Amino acid sequence: MKACEVRALIQVKPPRLDRRAARLDACKTVEDLHRLARRRLPRPVADYVDGGADEELTLADNVDAFRRWRFTPSVLVDVASVDASTSLLGRRSALPLGLAPTGYTRMISTAGEPAVAGSAARAGIPYVLSTMASTSVEALATHPESGGTDRWFQLYIWKDRDLTARLVTRAAAAGYRVLEIAVDTAVSGYRVRDVRNGLTIPPQLTLKGLVDIGIRPGYWTKMLASPALQFANVTAGGGYTIDNITKQFDPSVSWEDLARIRELWPGPVVLKGPLGPDDAIRARDLGVDGVHLSNHGGRQLDRTVAPIDLVAPVREAAGPGFAVFVDSGVRHGADIATALALGADAAFIGRPYLWGLVAGGRAGVDKVIELLSDQFARTMALLGVNSVDELRRRGTTLLQHR
């Protein structure tokens, strides 16, 4: 081999001067971003993001349940043009993917909910703002980052029904398109990591926290320089722990409350929780437009069935005209393909985009969506399908369960 040929083979890329961009470039999977995020967060905050209820059996099983499925692809199919777009409750989405609601996002990164909404807008997918957000429905709606975002709102039904009704009308007035009603929080799950860490909102500078400043000064300096962290959508002040703020949840919530909220909301309504076929049918018959199958990422009732295992029976019971979404355990584009083959309209992520937010701010969330999008499109091509409609139509013929 000639010297000139050897030189042509040696392609040395110059180092990137932007350290954040270089860190994100080095992340090839969602788990890479997870590891990077844990290195950048104080342990109590990292545990808040990663932790689950009680023994965390559901937390682990959510991910494992996706991985128990195997694909049976078709070959010699022309997949030169794969279209990953779809329609979600009457609006086109670039992917069958949404960004699920997460509470206290500005505690995790000062970029907060606006950065996440901005990433959703750039990707052309929906973003769901939580009642427990650290940015209000109005502030997010008018923030420059979130222009063009398909904004949905997740509602917790509080003991104060007037406050609940005001939240519904505020979200509608601010232009949120879809209302998701969370129905798995009659009481708060027992999150052992948070209890052991004594986590409060905002994080408290205890003696242990002061030691942590020396380990992760970047987190604390940004937090201390930012506006006070608060539950922006509710009129509650003071130093609430994760436990006592969730005592505002109402264990007496019933189907009658759902019917009243359905009357208040002008657009599509979705129920969010670990709903089985019977509950899905009852919701449909009350005028609900779909269900978002979720066990809160394993943060409420431990030992709950993984939501991905509810998709097929719910779809069969509720029929083809009813929206079915799923979250809890989505870590790869292949998980999205599995969800759709089982009958879901879209999959949603929570923790993965938070890891991206910590790892690289807005660019980190963009990176997570990019990874999942590329993985999903590649999975479609290798399965031998050209569109989301075809993937859903062929359904379980593409899958085997281990």
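Trainee: What share of the contacts in the chain with a separation of 6 or more is accounted for by residues 24 or more positions apart?

Mentor: The share is 75%, where contact means heavy atoms within 4.5 Å. Please note that this is a predicted model, in which local features need pLDDT of at least 70 and side-chain atom pairs count only at pLDDT 80 or more, while totals for chains, interfaces and linings use all residues. Residues are numbered from 1 along each chain as its sequence is written, and side-chain values use heavy atoms, with hydrogens and water left out.

Trainee: How many helices and strands are there in the chain?

Mentor: The chain has 19 helices and 14 strands; these are DSSP runs numbered from the N terminus, with helices (H or I) of at least four residues and strands (E) of at least two. Of the 402 residues in the chain, 54% are buried. Buried means under 20% relative accessible area, exposed means over 50%, and partly exposed is in between (1.4 Å probe, protein chains only).

Trainee: Which residues are buried in α4?

Mentor: They are Val-45, Ala-46, Asp-47, Tyr-48, Val-49 and Asp-50. Helix α4 covers residues 43-50, and because six of its eight residues are buried, it is largely enclosed by the rest of the structure.

Trainee: At roughly what angle do the axes of helix α9 and helix α14 cross?

Mentor: Two packed helices are described by the angle between their axes and the distance between the axes. Here, the axes of α9 (residues 161-173) and α14 (residues 255-264) cross at roughly 35° and come within 10 Å. Such axes are lines fitted to C-alpha atoms, for helices over the stretch in contact, and the angles run from 0 to 180 degrees between N-to-C directions.

Trainee: Which residues in α9 and α14 meet?

Mentor: On α9 they are Arg-161, Thr-164, Ala-165 and Val-168, and on α14 they are Asp-257, Ile-261 and Leu-264. By class, this contact has four nonpolar, one polar and two charged residues. The nonpolar class holds Ala, Val, Leu, Ile, Met, Phe, Trp, Tyr, Cys and Pro, the charged class holds Asp, Glu, Lys and Arg, and the others, Gly among them, count as polar.

Trainee: Where does Asp-150 lie, and is it buried or exposed?

Mentor: Asp-150 lies in strand β6 (residues 150-155), and it counts as buried because its relative accessibility is 7%. Its side chain makes a polar contact with the side chain of Trp-152 at 3.3 Å and another with that of Arg-177 at 2.8 Å. A polar contact is a pair of N or O atoms within 3.5 Å; within protein, one must be able to donate a hydrogen and the other to accept it, and residues adjacent in sequence count only if both atoms are side-chain atoms.

Trainee: Where does Arg-177 lie?

Mentor: Arg-177 is in the loop between α9 and β7 (178-182). Not counting residues up to four places away in sequence, Arg-177 touches residues including Leu-88, Arg-91, Asp-150, Trp-152 and Trp-265. In sequence, Arg-177 and Pro-266 are 89 residues apart, yet their C-alpha atoms are 8.7 Å apart in space.

Trainee: How many aromatic pairs does the structure hold?

Mentor: A pair of aromatic rings is described by the distance of the centres and the angle of the planes. The structure holds eight aromatic pairs. Rings of Phe, Tyr and Trp (its six-membered ring) pair if their centres lie within 6.5 Å; planes under 30 degrees apart count as stacked, over 60 as edge-to-face and the rest as tilted. Trp-152 and Phe-348 form a tilted pair, 5.7 Å centre to centre with 50° between the planes. Trp-152 lies in β6 and Phe-348 in β13 (residues 346-349), so the pair ties together parts that are 196 residues apart in sequence. Both Trp-152 and Phe-348 are buried.

Trainee: Which residues do ring pairs link into a cluster?

Mentor: They are Tyr-48, Tyr-104 and Phe-231. Tyr-104 is in the loop between β4 (97-99) and α6 (105-108), and has a positive phi of about 55° although it is not a glycine. Tyr-104 counts as buried, at 5% relative accessibility.
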